[in-house]
Amino acid sequence: MKAFSYHGQRNVSGERIRQARTRQRCTQADLAARIQVSGVILERDCISKIENGLRMVQDFELRAVAKALGVTTDWLVGEEDDE
């Protein structure tokens, strides 16, 4: 599969994921555990790669991350202003 990038990043949500996670004083490992409870397997190293723009995010992963962080998917992709 060819890896696409947008402004040098493989996703548009990584920075917002980091913002929401750190605002809640949640570690990457804690976030991974929250996501895994919903049935989506996303390890801590994957979250690190997503936050650094090195990994693409699947739509079902984005939904699980948004739910775990208590934000909307629109906010994660920058379609809504800061909450």
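1. Of the 83 residues of the protein chain, 36% count as buried, where buried means under 20% relative accessible area, exposed over 50% and partly exposed in between, with a 1.4 Å probe and protein chains only. This is a predicted model, in which local features need pLDDT of at least 70 and side-chain atom pairs count only at pLDDT 80 or more, while totals for chains, interfaces and linings use all residues. Residues are numbered from 1 along each chain as its sequence is written, and side-chain values use heavy atoms, with hydrogens and water left out.

2. The protein chain holds five helices and zero strands, where helices (H or I, at least four residues) and strands (E, at least two) are DSSP runs numbered from the N terminus.

3. In helix 2, the buried residues are Gln28, Leu31, Ala32 and Ile35. Seen down the axis of helix 2, these residues fall within an arc of 100 degrees (taken from the directions from the helix axis to the C-beta atoms), so they line one face of the helix. They pack against helix 1, helix 3 and helix 4, contact meaning heavy atoms within 4.5 Å.

4. Just after helix 2, Gly39 takes a positive phi of about 100 degrees.
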